[in-house]
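Please open the model in your viewer and keep the sequence panel beside it. We will go from stop to stop, selecting a few residues each time.

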2 protein chains.
Amino acid sequence: MTLAPPSFTLLAVTGGHGGAVPEVLLGLAFVLVGAKLAGAVAEWLGAPAVLGELLVGVAIGNLTLVGGPDLTGIGAREAFIVLAELGAILLLFQVGLESTPRDMLAVGRPAFLVAVVGVVTPMVLGFGVGRVMRPGEPWMLHAFLGAMLAATSVGITARVLGDLGALKTRAARIILGAAVIDDVLGLVVLAVITGIIGAAAAGTTLGMGEVAIIVAKAVAFLVGALVLGGFLSPRLFRQSYALKPGGLIQAISLSFCFLLSYLALLAGLAPIVGAFAAGLVLEDVHFEKHVKRGERPLHETLEPLIALFVPVFFVRMGMLVDVRSFARPDVLGFAVLLTVAAILGKLVCAAAVPRGVPGLLVGLGMMPRGEVGLIFAGIGAQLMLDGRPVVDAGSYAAAVFMVVATTLATPPALAWATRRKGALSAEPG
Amino acid sequence: MTLAPPSFTLLAVTGGHGGAVPEVLLGLAFVLVGAKLAGAVAEWLGAPAVLGELLVGVAIGNLTLVGGPDLTGIGAREAFIVLAELGAILLLFQVGLESTPRDMLAVGRPAFLVAVVGVVTPMVLGFGVGRVMRPGEPWMLHAFLGAMLAATSVGITARVLGDLGALKTRAARIILGAAVIDDVLGLVVLAVITGIIGAAAAGTTLGMGEVAIIVAKAVAFLVGALVLGGFLSPRLFRQSYALKPGGLIQAISLSFCFLLSYLALLAGLAPIVGAFAAGLVLEDVHFEKHVKRGERPLHETLEPLIALFVPVFFVRMGMLVDVRSFARPDVLGFAVLLTVAAILGKLVCAAAVPRGVPGLLVGLGMMPRGEVGLIFAGIGAQLMLDGRPVVDAGSYAAAVFMVVATTLATPPALAWATRRKGALSAEPG
């Protein structure tokens, strides 16, 4: 006898619908309305809507502090992670759609310069903070701390620039191009450093050949996606026009986005890099004939998907914040130093922009670390060297503080910088 | 040392994005385009598009038969189950939006009659098949076989009627109303029978009080959702109009759908019953002022969500089919008998419709068992009586055959019945 009372039988019925389904339904119901209302309050206060969504997440993730239930387990469920990740992917796809490879190449040189400055400076500063705060540790640990400061979380910045209606300005293109290059550089740096630490822990060293393979995969993906995708996609869409079914073009476009996100993962990059590349490659001109035939333009199809998935991403990002970690005095000094290094390291980018582009705005736009920083810190906490984790508990809390501070500060800072200079509205790309 | 080679490090990075993310991305990319193309081929052959999506699922789920990879594990992942279930929920929400509680009450009496006939007859026939094929077993096992034949899978029928543009006809309303009542009756019957079997296995009997609680919960949900929801929702939408943010009304509507789906689960019903009730309660008139202000009507917002999620549901339903189980000769006789009982049991509904409504069409519309039948069979396979499963391997294979046959036969049968009589187009509700 393995199954008895009727109430458990009813649970078995619901279990047949997937154990996560009840939690996801309840979670989506609250996230959708909660994020919308919090976003409205934030906008009413003059802040970008995304700040409200992040703070709703922080509140949900820390309910235990006020005697509420612990909901962090729901945020860690596979189904929620997937929905959130789809949100980030669709957001970057939409952002990519607003530009073409030509637009990005037009800002290619300044974006690359900004990206390199924005990776190297935080790495050097982070390395220095590591030397000061953890003097007895090997250099590889300090380098890992530096690497944690490298990558820009393009999701936050893209969303804020979108909320401000400024995605097509030159400054926005430089920020987005540089942020994507940062993501690529950051992931490559992370892969190389964890490789070096792994080899050191095993008593060997990482060969240049292995480093070259990591770099080559990332470069091959980007070049392949932009060149091959740019060549194939107009032909594919022309073929799809010949076929009758409505919605085929939308299905193919979404599939293309998901496929490139998958291939980016295979190349060791973040899926959002692939989604952004997919958006860049697809152009409105491919859809003109379809739209004339009465089909919806792609951006109209995307809006409801974005409205459903993206709040899940930002709320979940807020939920990852453990407010208590900021209260530890031994952590606070480290955390403040690391945060200052993270902010200064990106603000230096202001010096790397060409004449006529608001440098402060670009520097502030590069600031948020978001989920990329949290992922880096998490990997460091699992990575062992001499029997201890590369990122110890104190460093981890400091890293979380740095991520939270840079992420939460970016939306209001960008809004302030825009208002102050009228920079974005005055200067169309 | 727990982590060494750089290639594994790269996997760790992707792992930070959720272990299921790569599979979901690749799966969605193929499901979206595959379902669309297969649907187009089906329509080109004169069959409903959903048949193409189901068959794509059957093909994906049985690739091993032609030496391909075993992809059934992907379909069983939590993230895919959630995406598929969201598809079924959004589909039934959309179907519910096309009607109002008034419309449904107008067909309430015939729908209830059709539902009761469509539950009692298959139960009696299924019980008889059990007596013939498993003569030595206790009556509870035969009753369980009968219960497996009771519930109608409203998803398939709703989709086919939608593809035919016939959701607003009187016949369609009777079918949908009866199918929802069937879902409720079926789940209540299942809960009662598993309760009886559980009690018998424990050496006791199920009290009438416990049966009454199961029934009361289901009735309370339906009445509460329709009465309370119908009272609250226009007031809620009037409030939301006063608030500024665009998209709030869409967020509230989706949240309402997810919340009622969740509450249906709590009441021991399927989430799609809640989604259908949410759609019934929401009416276009609540949105009129919002649409005048320039916001999108709700059904336009839903379309892209449906285009993304619903194919996942139908493809996954096809993937659950194991083609090999049909090849077992000892199973085939049982399977054919059970299928005949399932089809006859619902076709009898034709006699219960009021004058002027095409009875054959209603009977055929009640035929598909879909995922509900598979869930019932799965629960029976886990339920133990006298140390053996209530649904043994042979009965399970026969049940799967019955589900597949009724599900795959419904789309072409409905299309044929509609063309033959011109019944749906000639008779607007």
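Predicted model: local features only at pLDDT ≥ 70, side-chain atom pairs only at ≥ 80, totals over all residues.

**Stop 1: chain A as a whole**

Colour chain A by secondary structure. How many helices and strands does chain A have? There are 20 helices and 2 strands in chain A. Of its 429 residues, 58% are buried. Now think about contacts in chain A between residues at least 6 apart in sequence: 82% of them join residues at least 24 apart.

**Stop 2: a pair of helices in chain A**

Two packed helices are described by the angle between their axes and the distance between the axes. Select residues 248–266 of chain A, which form helix α12, and residues 271–281 of chain A, which form helix α13. Their axes are 7 Å apart, and the helices pack at an angle of about 140 degrees. That angle makes α12(A) oblique to α13(A). The crossing of these two helices is right-handed.

Next, show the side chains where they meet. From α12(A), the contact uses Phe256(A), Cys257(A), Leu260(A), Ser261(A), Ala264(A) and Leu265(A). From α13(A) come Pro271(A), Gly274(A), Ala275(A), Ala277(A), Ala278(A) and Val281(A). Sorted by class, the contact of α12(A) with α13(A) has 10 nonpolar and 2 polar residues, with no charged ones.

**Stop 3: the largest nonpolar core**

Which residues have the most contacts inside the largest nonpolar core? They are Phe258(A) and Phe258(B), and the core has 292 residues. Select Phe258(B) and look around it. Leaving aside neighbours within four places in sequence, Phe258(B) is in contact with Leu25(A), Leu28(A), Ala29(A), Leu32(A) and Leu308(A) of chain A, and with Leu86(B), Ile89(B) and Leu90(B) of chain B.

**Stop 4: where a helix of chain A meets one of chain B**

Select helix α2 (residues 21–44) of chain A and helix α5 (residues 78–97) of chain B. They pack at about 60 degrees with axes 10 Å apart, so α2(A) is oblique to α5(B). The crossing of α2(A) and α5(B) is right-handed. On the chain A side, the contact is made by Val21(A), Val24(A), Leu25(A) and Leu28(A); on the chain B side, it is made by Val82(B), Glu85(B), Leu86(B) and Ile89(B). This contact of α2(A) with α5(B) has 7 nonpolar residues, 1 charged residue and no polar ones.

**Stop 5: two helices of chain B**

Now select helix α3 (residues 49–61) and helix α15 (residues 298–319), both of chain B. Their axes come within 6 Å and cross at roughly 50 degrees, which makes α3(B) oblique to α15(B). Among the residues in contact are Val50(B) and Glu53(B) of α3(B), and Val310(B) and Phe314(B) of α15(B). By class, the residues of this contact divide into 11 nonpolar, 3 polar and 1 charged.

**Stop 6: two single residues**

Go back to chain A and select Val315(A), which lies in helix α15. Is Val315(A) buried or exposed? Its relative accessibility is 1%, so Val315(A) counts as buried. Not counting residues up to four places away in sequence, Val315(A) touches Val31(A), Ala35(A), Glu53(A), Val56(A), Gly57(A) and Ile60(A).

Finish at Arg173(B), found in helix α10 (residues 170–201) of chain B. Arg173(B) counts as buried because its relative accessibility is 10%. Beyond residues up to four places away in sequence, the residues Arg173(B) touches include Glu98(B) and Asp103(B).

Terms used. Residues numbered from 1 in each chain as written. Chains lettered and ligands numbered in written order. Heavy atoms only, no water. Axes fitted to C-alpha atoms, helices over the stretch in contact; angles between N-to-C directions. Helix = DSSP H or I, 4+ residues; strand = E, 2+ residues; numbered from the N terminus. Parallel < 35°, antiparallel > 145°, perpendicular 65-115°, else oblique. Left-handed = near helix turned anticlockwise from the far one by under 90°. Contact = heavy atoms within 4.5 Å. Nonpolar A, V, L, I, M, F, W, Y, C, P; charged D, E, K, R; others polar. Core = buried A, V, L, I, M, F, W, Y, C linked by side-chain atoms within 4.5 Å. Buried < 20%, exposed > 50% of the residue type's maximum accessible area, 1.4 Å probe, protein only.
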